[in-house]
Amino acid sequence: MSANKTPLPFLLLFLLFGCTISHSQNAFVIDTSKHLYSANRDTLPYRLVYPQEQDPAKKYPLLVYLHGMGTRGKDNEMPLQKFSTFLGDSTPLAKHPCYILIPQCPEKDVWVSFPNFPKSLSASAEPSPATENV
């Protein structure tokens, strides 16, 4: 992708129609492809989870799963290891089908910065580069 930011609607259309999906007997399908979103010389690895049953006439919500600090990096796999425990019980996804975006925060970045921690839990006014890419 170019250095220009890709508009979110275009990115979501790409995510929905440009990915190869795996087959599953569960209420969800984890995209087996490793994807990279690039903007402003930053790269953000991500995966996508699809509802198993999709009705083209329906709209589905998009849930964004932001992992903890222990799964930061660029391998595009560690967030899935932690996320898979949530997917062990597919009942919530069967009742509430949705798309789930699983980005991976770079090792030297954070989703939210708390500049005065531990004196204050006030977050910085500006988003981190990783959060801005999400």
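The side chain of Thr71 reaches the backbone oxygen of Gly68 at 3.2 Å, and with the side chain of His67 the Thr71 side chain makes a polar contact at 2.7 Å. A polar contact here is a pair of N or O atoms within 3.5 Å; within protein, one must be able to donate a hydrogen and the other to accept it, and residues adjacent in sequence count only if both atoms are side-chain atoms. All of this comes from a predicted model, where local features need pLDDT of at least 70 and side-chain atom pairs count only at pLDDT 80 or more, while totals for chains, interfaces and linings use all residues. Residues are numbered from 1 along each chain as its sequence is written, and side-chain values use heavy atoms, with hydrogens and water left out.

Thr71 sits in the loop between strand 4 and helix 2. Helices (H or I, at least four residues) and strands (E, at least two) are DSSP runs, numbered from the N terminus. With a relative accessible area of 4%, Thr71 is buried; buried means under 20%, exposed over 50% and partly exposed in between, using a 1.4 Å probe and protein chains only. Setting aside neighbours within four places in sequence, Thr71 is in contact with Met78, Pro79, Lys82 and Gln104, where contact means heavy atoms within 4.5 Å.

A search of the whole structure turns up one, defined as a side-chain nitrogen of Lys or Arg within 4 Å of a carboxyl oxygen of Asp or Glu. Lys34 pairs with Glu77, and their closest N and O atoms are 2.7 Å apart. This pair links distant parts of the chain: Lys34 belongs to the loop between strand 1 (28–30) and strand 2 (35–39), Glu77 to the loop between strand 4 and helix 2 (78–87), and the two are 43 residues apart. Lys34 is partly exposed at 48% relative accessible area, and Glu77 is partly exposed too, at 37%.

Now for the strands. Strand 2 and strand 3 run antiparallel and are joined by five bridges; two strands pair if DSSP finds at least two bridges between them. Tyr37 has Leu44 as its bridge partner in strand 3.

Strand 5 (residues 99–103) is another story. Five of its five residues are buried, so strand 5 is largely enclosed by the rest of the structure. Tyr99, Leu101 and Pro103 point one way, Ile100 and Ile102 the other, and all are buried. Strand 5 runs antiparallel to strand 3 (residues 42–51), with four bridges between them, and Arg47 stands opposite Ile102. With strand 4 (residues 62–64), strand 5 pairs in the parallel sense over three bridges, and Leu63 has Ile100 as its bridge partner.

What do the buried side chains build? The largest nonpolar core has nine residues: Val29, Tyr37, Ala39, Tyr46, Leu48, Tyr50, Tyr60, Tyr99 and Leu101. Such a core is a set of buried Ala, Val, Leu, Ile, Met, Phe, Trp, Tyr and Cys residues joined through side-chain atoms within 4.5 Å. Strand 2, strand 3 and strand 5 each supply at least two of its residues, and the largest share, three residues, comes from strand 3. Apart from this core lies another, of seven residues, including Val49, Cys98, Ile100 and Ile102.

Two aromatic pairs show up in a search of the whole structure. Rings of Phe, Tyr and Trp (its six-membered ring) pair if their centres lie within 6.5 Å; planes under 30 degrees apart count as stacked, over 60 as edge-to-face and the rest as tilted. Tyr50 and Tyr99 form an edge-to-face pair, 5.7 Å centre to centre with 75° between the planes. Tyr50 lies in strand 3 and Tyr99 in strand 5, so the pair ties together parts that are 49 residues apart in sequence. Tyr50 is buried at 3% relative accessible area, and Tyr99 is buried at 9%. Tyr60 and Tyr99 form an edge-to-face pair as well, at 6.0 Å centre to centre and 80° between the planes. Here Tyr60, in the loop between strand 3 and strand 4, is linked to Tyr99 in strand 5, 39 residues apart. Tyr50, Tyr60 and Tyr99 form one aromatic cluster.
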